[in-house]
Amino acid sequence: MSALEPVVSKKMLWDWPVRICHWSMVLLVAACWWTAENHEIVYHSYCAYALLGVVLFRIYWGFFGSSSARFSHFLQTPAVAFQYLKTITRRDVPSSAGHNPLGGYSALALLFLLLLQIGLGLFSIDVDGFDGGPFADYLSFKTSRWITDWHEVTFNLLLGFIALHLIAVIYYLLWRRQNLTAAMLHGKAFIAAPVQPASHWRLAIGVVLVAAILWPIIM
């Protein structure tokens with residue numbers, strides 16, 4: 001190995017905002033499901049607002065966060081993703097410093113579905129017309145019920161992507177011996193180049209920006 005080649009060692013890959021966003025999404029999606037199934041609409045709304053805040057912050061962090069968190073870091077061309085897909089049966093593929101070309105698109109799709117799901121929920125209403133999202137009153141009952149139907153369809157799509165995500169995590173653990181879950185817990189992975197962290201003021205701006213978006217929706 002040349003002295004100029006970067007040394008692959010265990011380094012910080014995912015900063016704590018990425019990890020908090022990830023696990024918050026896991027918990028809040030489960031909470032949204034449980035509260036909806038048990039007709040706890042008030043708590044369902046609280047969980048959905050919290051989830052919206054997390055998703056909006058993760059999108060912001062995808063532009064202004066640490067280098068591994070940015071969309072520009074892990075979103076590659078469809079051709080690159082297709083080439084990566086052709087290596088899916090191999091075990092000797094080097095691990096990616098972050099999301100691999102397929103995982104990048106998967107992360108983007110999950111964020112989009114979460115945002116769509118929450119957005120539809122803002123206009124949804126129950127079958128009795130009593131409990132609904134904050135913007136349901138701006139629509140006719142029929143339109144809100146139509147959106148509610150799509151709210152359920154989108155949730156099933158979301159469940160499908162979550163299942164696909166879990167299958168991928170198991171595949172990498174068992175086939176390629178890469179523990180993606182552990183990396184998302186402690187943040188460290190075997191990578192060559194160190195991640196460039198984001199400054200604290202960018203974090204503060206993101207929190208304030210998300211709060212400013214959420215405030216008029218909640219109030």
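The following legends describe close-up views of a predicted model.

**View 1. Helix α6 and its span.** Helix α6 comprises residues 141-174, a run of 34 residues. From its first C-alpha to its last, α6 reaches 49 Å, which is close to the 50 Å expected at 1.5 Å a residue.

View 2. An α-helix has 3.6 residues a turn, so residues three or four places apart point the same way.

**View 3. The crossing of α2 and α5.** Two packed helices are described by the angle between their axes and the distance between the axes. The axes of α2 and α5 come within 10 Å and cross at roughly 145 degrees; the crossing is left-handed. On the α2 side, the contact involves Ala-48, Leu-51, Leu-52, Val-55, Leu-56, Arg-58 and Ile-59. These residues meet Leu-111, Leu-114, Leu-115 and Ile-118 of α5. The contact of α2 with α5 consists of ten nonpolar residues, no polar residues and one charged residue.

**View 4. The salt bridge between Asp-92 and Arg-90.** One salt bridge is found in a search of the whole structure. The side chains of Asp-92 and Arg-90 form a salt bridge, with an N to O distance of 3.0 Å. Asp-92 is exposed, because its relative accessible area of 55% is over 50%. Arg-90 counts as partly exposed, at 41% relative accessibility.

Methods: Residues numbered from 1 in each chain as written. Predicted model: local features only at pLDDT ≥ 70, side-chain atom pairs only at ≥ 80, totals over all residues. Heavy atoms only, no water. Helix = DSSP H or I, 4+ residues; strand = E, 2+ residues; numbered from the N terminus. Expected span 1.5 Å × (residues − 1). Axes fitted to C-alpha atoms, helices over the stretch in contact; angles between N-to-C directions. Left-handed = near helix turned anticlockwise from the far one by under 90°. Contact = heavy atoms within 4.5 Å. Nonpolar A, V, L, I, M, F, W, Y, C, P; charged D, E, K, R; others polar. Salt bridge = Lys/Arg side-chain N within 4 Å of Asp/Glu carboxyl O. Buried < 20%, exposed > 50% of the residue type's maximum accessible area, 1.4 Å probe, protein only.
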